[in-house]
Every structure is written in C-alpha cells, then in structure tokens.
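Thanks for asking me to look this one over with you. Could you keep the model open while you read, so that you can check each point by eye?

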Amino acid sequence: MKLVIANKAYSSWSLRPWILMRALDIPFEEDLIPLDTPEFRPRVSAYQAGSTVPILVDGDVTVWESLAIMDYLADRFPEKRVWPEDIKARAFARTISAEMHAGFRGLRSACPMNLRKRFAAMDRGELVAKDVARVTQLWSRARESFGASAGGPFLFGAFTAADAMFAPVVTRLQTYSIAAPGPARAYMDAVLDHPAFVEWQEAGMSEPWVVAHDEVDEPAIGPFRAK
Ligand SMILES: N[C@@H](CCC(=O)N[C@@H](CS)C(=O)NCC(=O)O)C(=O)O
C-alpha cells in the first residue's frame, strides 16, 4: 500500500490516515509531495485521484478523501478495528468524524497546523472559541459515554479513526496555546505522546520546506512541545 501525503509540519489532512495506519500497524510506504512547490500538481495529478492529498493506493484501488480512506481501511483490515466495535460507539465515532471532516472552519483557518512552533495564548476570535467549545464537548461526550469504560486514553478507549480525524485539532490547540478543560487536556496529551504522532512530528521538525501561507505572523514562544 502506498499513502501519498504532503509536508508533515503542515498537512493536517495527510496526518489523519498516516497516524491511523501507523497506530494500527498497517504497513505502507509513503510518497511525500511538498506543498507549494512546482512538483506538487504534476505529481498529485499522476495518481489520477482528486487534486489534493492524502491519496491511498492499494494495487488497482485508489482512494482519496481522508474519511473514504479510513472506511476503505476498515473494510480491508476488519481485524484492526479502525472504527469502534460496539455499534453505538461506532455510530458516534463516525458522526463526530464526519462533523470534523465538514466543519470547524473557524479554527482551521485562523490556526493553521504547524508542528514546529508554539504561539502565545490570545483571543483568536468568536469563531475559534465556538469551535474549541464544540470540539472539547465532543471529546468529553465520547470519553464519558464510551472511552472511559472501554479502557485506554483515547476517545473510544483504543486508538481509532476518530482519534486520527481529531489529531490535527489536538495539534492546533497545542500550537496556539489554547486552553482546554482537564479531561480534554489529558486526551490531547495521550494523542501527542502516541509514538506514531511523535514519529510524524519529529519528521516534520526536520523538513526543509517553509509554507508561507501556513505560517502566522507572530513570534513563536517556543517549539511545538517542550520535553
Ligand atoms: N477533504 C480532503 C481535504 C484534502 C486537502 O485539502 N489536502 C491539502 C493538504 S493538507 C491539499 O492537498 N492541498 C493542496 C491543494 O489544495 O492544492 C480530505 O479529507 O482528504
């Protein structure tokens, strides 16, 4: 299997299937195409998928759109439990993942993913505050209704596609020093400490590219995460 992705420092959509596959031990090779370079368009077009990454290639099957990739992986590797096993948990996991895929535009546009830096806490406007309140509410509901009793620190206990969908949001709260209530902070730390995330973030740190439109015009107060 091949997963086509963009820069690890910036590409939030690429992180989703990548961390899921790594966390669930699904073997794959990666093809990283740097954003905003002359090679991006032609190399993505060569896959005859959409115009964006991620793209998953499995023999003669090509899938794009992060949620569709996750559903394909769930079909292809039923034993990996890409989605929670319990039907109610699975329904909630799919619902909040779809909500993530379609929404949270306020947070996404004001706080682009940047895994190299940390910025000072500040008022980032009503739309960001609304998205943060909603996302932390969804995390609490998942943890209280399913995760806590299933064992494991993730939304539904073990790491699933829902955690992969929210991983970039976790990083945005971290990068922009956005305060989260205690249980949400514990969930964030579980994602940030996951070996798959650490591997991705460290690779992002050493990438040579700077994507100007993903950099905010603010002084960094430090690296992404102090160890
Ligand atoms: N809805 C898509 C979004 C994919 C997306 O926007 N990917 C970005 C990288 S993070 C991209 O390829 N941008 C390049 C472009 O739009 O030209 C998904 O879920 O995969």
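My notes follow as numbered points.

1. First, the ground rules. This is a predicted model, in which local features need pLDDT of at least 70 and side-chain atom pairs count only at pLDDT 80 or more, while totals for chains, interfaces and linings use all residues. Residues are numbered from 1 along each chain as its sequence is written.

2. Helices (H or I, at least four residues) and strands (E, at least two) are DSSP runs, numbered from the N terminus.

3. Next, the sheet. Four strands make an open sheet in the order E2-E1-E3-E4, with mixed pairing; two strands pair if DSSP finds at least two bridges between them. Strand E2 (29-32) and strand E4 (61-64) are the edge strands, each pairing on one side only. From one strand to the next, the twist averages 20°. Axes are lines fitted to C-alpha atoms, for helices over the stretch in contact, and angles run from 0 to 180 degrees between N-to-C directions.

4. E1 and E3 pair in the antiparallel sense over 3 bridges, and Lys2 has Val57 in E3 as its bridge partner. E3 (residues 55-58) is also joined to E4 by 4 bridges, again antiparallel, with Asp58 opposite Val61 in E4. E3 and E4 form a hairpin with 2 residues between them, and Gly59 in the turn has a positive phi of about 60°.

5. Two helices meet this sheet. Helix H3 (residues 66-76) packs on the sheet, touching E3 and E4, and its direction makes about 135° with that of E4. H1 lies across strand E1 (2-5) and E3, running at about 150° to E1. Contact here means that the C-beta atoms of two residues, placed from the backbone, lie within 7 Å.

6. Which residues are around the ligand? They are Ala6, Ser11, Ser12, Trp13, Ser14, Ser51, Thr52, Val53, Pro54, Glu65, Ser66 and His101; a residue is near a molecule or strand if its C-beta atom, placed from the backbone, lies within 6 Å of it. The largest share of this shell, 3 residues, comes from helix H1 (residues 12-23). By class, the shell has 4 nonpolar, 7 polar and 1 charged residues. In this scheme Ala, Val, Leu, Ile, Met, Phe, Trp, Tyr, Cys and Pro count as nonpolar, Asp, Glu, Lys and Arg as charged, and the others, Gly among them, as polar.

7. Please check the backbone at a few places. A cis peptide bond, with omega about 10°, joins Val53 and Pro54, and both of these residues are listed around the ligand. Pro54 is found in the loop between helix H2 (40-45) and E3. Asp36, in the loop between E2 and H2, has a positive phi near 60°, in a residue other than glycine. Phe104 also has a positive phi, near 55°, and its place is the loop between helix H4 (87-102) and helix H5 (105-110).

8. Are those last two residues buried or exposed? A residue is buried if 20 or more other C-beta atoms lie within 10 Å of its own, exposed if 12 or fewer, and partly exposed in between, with C-beta atoms placed from the backbone. Asp36 counts as partly exposed because it has 14 C-beta neighbours inside 10 Å. Phe104 counts as buried because it has 21.

9. Met70 lies in helix H3 and is buried, because 26 other C-beta atoms are within 10 Å. Not counting residues up to four places away in sequence, Met70 touches Pro17, Leu20, Val82, Ala161 and Ala164. Met70 and Ala162 are 92 residues apart in sequence and 9.6 Å apart in space, C-alpha to C-alpha.

10. Finally, Asp214 sits in the loop between helix H9 (195-205) and strand E6 (220-223). Asp214 counts as partly exposed because it has 16 C-beta neighbours inside 10 Å. Asp214 touches Tyr10, Pro112 and Asn114, residues up to four places away in sequence not being counted.
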